[in-house]
Amino acid sequence: MAKSLQQIRQNLTALQEQATQLSTELNDLYRQYLESLSQSVHKQLILAVYQICTQIYPEEFLKLSYSQREKFQEKIRNLGKGIQPKLLAYLSLPQPVPKPTITEQQIFIQLSGKDPSFQLPELPEENEIYTIKTPEDLVNWCKKIEQGIRIILDELSQEVNSNLQKAQIISSNLPPQLLEMALQAEEGGMSAGNSPNILNLLVETSHKEEEEEEEEDEDQPSKITKISAIHLRLSEIEFADPQLSIQRKGIMKQLEMLKRMRKAYILAQQDYAQAEAEAAWRSSWHE
């Protein structure tokens with residue numbers, strides 16, 4: 001027997017309430033995870049830059065003066081520290097309408113005194129939490145966070161590589177667009193046998209020297225040069241931090257629950273539309 005409109009409506013309401021509860025739990029889990037991720041990124045970024053400067057390009061790093069090394073290292077530290085507020089910003093939910101100011105409240109009170117029918121609008125509580133209403137809303141919110149994490153890691157990688165190039169540790173002849181394309185092409189994977197969070201590129205370069213002397217044979221073959229750069233990979237960052245991995249597993253468990261909830265909600269919406277259509281058909285059918 002088909003469910004009634006009231007039964008389906010109750011089912012939809014129950015799923016919405018579950019989504020609201022799950023959004024609170026996921027918010028807490030993501031906050032803990034992003035705070036831990038920020039600390040781990042900071043540590044692993046410094047380790048990756050250390051590898052670049054001391055193991056891969058030691059000669060280039062040694063060309064810097066003491067003050068230049070200090071400034072470079074301070075810049076890298078600041079870039080790593082600045083990631084936490086950027087990550088936590090993705091937790092923000094749609095903001096409520098701002099509370100009226102004191103002046104606005106006084107106007108409301110004055111108007112309410114002159115007009116008996118005037119009612120002072122209800123103001124949100126100071127710590128009122130605006131929750132997500134449906135499983136679909138929650139899915140989109142989680143997608144925004146996951147996409148944001150990868151965007152920020154890529155942007156941070158590009159900023160660090162830019163500073164490495166400015167310090168002439170990495171070749172400044174390598175176009176930034178090439179590095180960006182390489183980061184995107186390798187997105188999501190783990191490096192095979194290389195240092196964590198370091199990207200190795202094979203770039204085709206010409207034998208032509210910077211000092212322009214006699215023209216060389218144009219048919220001379222190009223040279224393949226290996227260039228290393230920073231690529232912060234979420235998979236490697238989590239792998240190197242056991243606590244972070246545990247937090248990720250907790251989030252994934254809740255996301256699996258959300259996936260089932262979303263499927264049930266979509267089916268309930270379809271049932272509701274069909275039940276409404278059947279009711280509308282019967283209401284206008286005449287023998």
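Colleague: What describes the packing of helix H6 (residues 135-166) and helix H9 (residues 242-284)?

Modeller: Two packed helices are described by the angle between their axes and the distance between the axes. The axes of H6 and H9 come within 9 Å and cross at roughly 145°. Axes are lines fitted to C-alpha atoms, for helices over the stretch in contact, and the angle between N-to-C directions runs from 0 to 180 degrees. This is a predicted model, in which local features need pLDDT of at least 70 and side-chain atom pairs count only at pLDDT 80 or more, while totals for chains, interfaces and linings use all residues. Residues are numbered from 1 along each chain as its sequence is written, and side-chain values use heavy atoms, with hydrogens and water left out.

Colleague: Which hand does the crossing of H6 and H9 have?

Modeller: H6 passes H9 in a left-handed crossing. That term applies if the near helix is turned anticlockwise from the far one by less than a right angle; clockwise is right-handed.

Colleague: Which residues of H6 and H9 meet?

Modeller: Among them are Leu 138, Val 139 and Glu 146 in H6, and Arg 248, Leu 255 and Met 261 in H9. Contact means heavy atoms within 4.5 Å. By class, the contact has nine nonpolar, no polar and four charged residues. Ala, Val, Leu, Ile, Met, Phe, Trp, Tyr, Cys and Pro count as nonpolar, Asp, Glu, Lys and Arg as charged, and the others, Gly among them, as polar.

Colleague: Why is H1 called roughly antiparallel to H3?

Modeller: The axes of H1 (residues 5-56) and H3 (residues 66-81) cross at roughly 150°. Angles over 145 degrees count as roughly antiparallel, under 35 as roughly parallel, 65 to 115 as roughly perpendicular and the rest as oblique, so H1 is roughly antiparallel to H3. The crossing of H1 and H3 is right-handed.

Colleague: Why is Glu 238 called buried?

Modeller: Glu 238 has a relative accessible area of 13%, so it is buried. Glu 238 is in helix H8 (residues 234-239). Leaving out residues up to four places away in sequence, Glu 238 touches Tyr 33, Leu 244, Ser 245 and Arg 248.

Definitions and conventions
Helices (H or I, at least four residues) and strands (E, at least two) are DSSP runs, numbered from the N terminus. Buried means under 20% relative accessible area, exposed over 50%, partly exposed in between (1.4 Å probe, protein chains only).
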